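The following exercises concern the architecture of a two-chain model.

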Amino acid sequence: MPKTTPDTQKKQQTLKQSDVPWNVVVLNDPVNLQDYVAIVFKRVFGYSQAKAETLMMEVHTQGRSVVWTGVREKAELYVQQLHSWQLQTTMEKAG
Amino acid sequence: MKILPTLEGGLCIIPESEIDWDELQLICSDDDRPTYLAESLADLMDEDSEWGEYVVPDLEEGFRNQTQFVDATIKRARQNKEPAIFIPPAEAELWYGAINQVRLSLQASYDVEELDEAGDVDEMESELKSAYFRNRFYLLMQSMLLEFIMNKAE
């Protein structure tokens, strides 16, 4: 006797897929100014000045920075907000 | 052209020639720019996200609001007897966004970052020289918006 019914298995699969964390990744570009990028991180994520500057410098020096990790739906919402501030942003599966 | 901070915490732009006004109006010269920008940002997402269908229209509308607002403000100011453009703190982000669209567009068309490092501006072709100086001018405006308004609001 199987431990779970097919329905339960399907639900568990769906749950596993939506549970996979996603990274919100901001990419470097030659136009957006450093102060502006830090302001955007503070506005969108509510980060402190120090954290916003650290992430901004990571974008600047390493070409990209993972600025947030979590569920897909929320990651998409953050990417949309960062796009509206004209930051080059994408998302990827974490790990 | 002069750009000065105002007592209310904004900026005042005082164009001193027709060229200055033309330079300002070029901020909003391309009606398709908001569309290009929204679509180029969508290119960073995978197809499964359906970004083009669900997000691009909203992004485009937001970018278009920025350029239309700035365009209307400049045209209205140009008709005044003592023309000057006032940017109160509440409107700084609209201006910043519209100017950013132009700079992204100049970067995409001319790679102005390369021009910055090229050295002798006098040796450049006139189109490149124009792109170089426009980018420098818009960069200055953005720096002032950040320094005098947006950083203070944080």
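The model is predicted.

**Exercise 1. Determine in what order the elements of chain B run from the N terminus on.**

Step 1. Chain B is assigned 7 helices and 3 strands.
Step 2. Starting at the N terminus, these elements follow one another as β-β-α-α-α-α-β-α-α-α.
Step 3. The C-alpha atoms of chain B occupy a box of roughly 50 × 40 × 30 Å along the principal axes. Among the 154 residues of this chain, 29% are buried.

**Exercise 2. Classify the packing of α4(B) and α5(B) by the angle between them.**

Step 1. Two packed helices are described by the angle between their axes and by the distance between those axes.
Step 2. For helix α4 (residues 56-78) and helix α5 (residues 92-110) of chain B, the angle is about 105° and the axes are 8 Å apart.
Step 3. Angles of 65 to 115 degrees count as roughly perpendicular; α4(B) and α5(B) are therefore roughly perpendicular to each other.
Step 4. On the α4(B) side, the contact is made by F63(B), Q66(B), T67(B), F69(B) and V70(B); on the α5(B) side, by L94(B), W95(B), G97(B), A98(B) and Q101(B).
Step 5. By class, this contact comprises 6 nonpolar and 4 polar residues, with no charged residues.

**Exercise 3. Describe the sheet of chain A and identify which strands stand at its edges.**

Step 1. Chain A contains 4 helices and 3 strands, arranged along the sequence as α-β-α-α-β-α-β.
Step 2. The 3 strands form an open sheet in the order β2-β1-β3 (chain A), with antiparallel pairing.
Step 3. Strands β2 (64-70) and β3 (89-93) of chain A each have a single partner strand, so they stand at the edges and one side of each is left without a neighbour in the sheet.
Step 4. Neighbouring strands of this sheet are turned against each other by 30° on average, direction ignored.
Step 5. Strand β1 (residues 22-27) of chain A is connected to β3(A) by 5 bridges, and V26(A) has T89(A) in β3(A) as its bridge partner.
Step 6. Helix α3 (residues 49-62) of chain A packs on the sheet, where it touches β1 and β2 of chain A; its direction makes about 135° with that of β2(A).

**Exercise 4. Determine which helices of chain B supply the side that touches chain A.**

Step 1. The contact draws 19 residues from chain B and 15 residues from chain A.
Step 2. On the chain B side, α2 (33-42), α4, α5 and α7 (126-150) each contribute at least two residues.
Step 3. The largest share, 5 residues, is that of α5(B).
Step 4. The residues of chain B on this side divide into 9 nonpolar, 7 polar and 3 charged.

Definitions and conventions
Residues are numbered from 1 along each chain as its sequence is written. Chains are lettered from A and ligands numbered from 1 in the order in which they are written. This is a predicted model: local features need pLDDT of at least 70, side-chain atom pairs count only at pLDDT 80 or more; totals for chains, interfaces and linings use all residues. Axes are lines fitted to C-alpha atoms, for helices over the stretch in contact, and angles run from 0 to 180 degrees between N-to-C directions. Angles under 35 degrees count as roughly parallel, over 145 as roughly antiparallel, 65 to 115 as roughly perpendicular and the rest as oblique. Two residues are in contact if their C-beta atoms, placed from the backbone, lie within 7 Å. Ala, Val, Leu, Ile, Met, Phe, Trp, Tyr, Cys and Pro count as nonpolar, Asp, Glu, Lys and Arg as charged, and the others, Gly among them, as polar. Two strands pair if DSSP finds at least two bridges between them. A residue is buried if 20 or more other C-beta atoms lie within 10 Å of its own, exposed if 12 or fewer, and partly exposed in between; C-beta atoms are placed from the backbone.
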